[in-house]
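Hi,

Here is the structure I said I would pass on. Have a look at it first, and then read my notes below.

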Amino acid sequence: MERCPLCRAMLNGAETCRRCKAELQSVQRIKRESRTLVGAAIYRLSLGDVAASKRLLRIAMNLHATPEARALWRVVAVRD
Ligand SMILES: [Zn+2]
């Protein structure tokens, strides 16, 4: 996360926004979990396990629907 989602200040990796003092640890944890799930979905897809890949992606997108997760979803969704 490069900018504070509340005030758009640059974060430079900080977990507390220096401008509005928003605590962003839980937001960053959710984004990390979502990235991990997308990685696992790519791995399952590489093994040909489309169903597991879709399950992981659905959970990832419920947490945080990144453009990467949505793009991968479009790939696996047409493989039914
Ligand atoms: Zn802020």
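In α1, the residues S34, V38, A41, I42 and L45 meet E68, A69, L72 and V76 in α3. Sorted by type, the residues of this contact come out as 7 nonpolar, 1 polar and 1 charged. Before you go further, please keep in mind that this is a predicted model.

How are these two helices arranged? The angle between α1 and α3 is about 25°, and their axes are 11 Å apart. An angle under 35 degrees counts as roughly parallel, so α1 and α3 are roughly parallel to each other. As for handedness, α1 passes α3 in a left-handed crossing.

In case you wonder why I keep quoting two numbers for each pair: two packed helices are described by the angle between their axes and the distance between the axes.

Now for the whole chain. How many helices and strands does the chain have? There are 3 helices and 0 strands, and reading from the N terminus the elements go α-α-α. The radius of gyration of the chain is 15 Å, whereas the globule rule gives 12 Å for 80 residues, so the chain is more spread out than a compact globule. You can see this in another way if you put a box around the C-alpha atoms along the principal axes: the box is roughly 45 × 15 × 15 Å. Of the 80 residues, 14% count as buried. If you take the contacts in the chain with a separation of 6 or more, 26% of them come from residues 24 or more positions apart.

Next, the pair α1 and α2. Helix α1 covers residues 25-46 and helix α2 covers residues 50-63. They pack at an angle of about 165°, and their axes are 8 Å apart. Angles over 145 degrees count as roughly antiparallel, so α1 and α2 are roughly antiparallel to each other. Their crossing is left-handed.

Which residues of α1 and α2 meet? On the α1 side you will find I30, E33, S34, L37, V38, A40, A41, R44 and L45. On the α2 side the partners are V50, A52, S53, L56, L57, I59, A60 and L63. By type, this contact of α1 with α2 divides into 13 nonpolar, 2 polar and 2 charged residues.

The last pair is α2 with helix α3, which spans residues 67-77. Here the angle is about 150° and the axes are 10 Å apart. That makes α2 roughly antiparallel to α3, and α2 passes α3 in a left-handed crossing. The residues that meet are V50, S53, K54, L57, A60 and M61 in α2 and A69, R70, L72, W73 and V76 in α3. They divide into 8 nonpolar, 1 polar and 2 charged.

Most residues other than glycine have a negative phi. You will find R8 in the segment before α1. R8 is exposed, because 12 other C-beta atoms lie within 10 Å, and a residue with 12 or fewer counts as exposed.

N12 is another case: its phi is positive, at about 50°, although N12 is not a glycine. N12 is also in the segment before α1. With 8 other C-beta atoms within 10 Å, N12 is exposed.

Is M10 buried or exposed? M10 has 12 other C-beta atoms within 10 Å, so M10 is exposed. M10 is found in the segment before α1. Setting aside neighbours within four places in sequence, M10 is in contact with E2 and R3.

Finally, take a look at Y43, which sits in helix α1. Y43 is partly exposed, with 13 other C-beta atoms within 10 Å. Try the distance from Y43 to L6 as well: they are 37 residues apart in sequence and 33 Å apart in space, C-alpha to C-alpha.

Cheers

Technical notes
Residues are numbered from 1 along each chain as its sequence is written. This is a predicted model: local features need pLDDT of at least 70, side-chain atom pairs count only at pLDDT 80 or more; totals for chains, interfaces and linings use all residues. Axes are lines fitted to C-alpha atoms, for helices over the stretch in contact, and angles run from 0 to 180 degrees between N-to-C directions. Helices (H or I, at least four residues) and strands (E, at least two) are DSSP runs, numbered from the N terminus. Angles under 35 degrees count as roughly parallel, over 145 as roughly antiparallel, 65 to 115 as roughly perpendicular and the rest as oblique. A crossing is left-handed if the near helix is turned anticlockwise from the far one by less than a right angle, and right-handed if clockwise. Two residues are in contact if their C-beta atoms, placed from the backbone, lie within 7 Å. Ala, Val, Leu, Ile, Met, Phe, Trp, Tyr, Cys and Pro count as nonpolar, Asp, Glu, Lys and Arg as charged, and the others, Gly among them, as polar. A residue is buried if 20 or more other C-beta atoms lie within 10 Å of its own, exposed if 12 or fewer, and partly exposed in between; C-beta atoms are placed from the backbone. The radius of gyration is taken over C-alpha atoms; the globule rule is 2.2 Å times the number of residues to the power 0.38.
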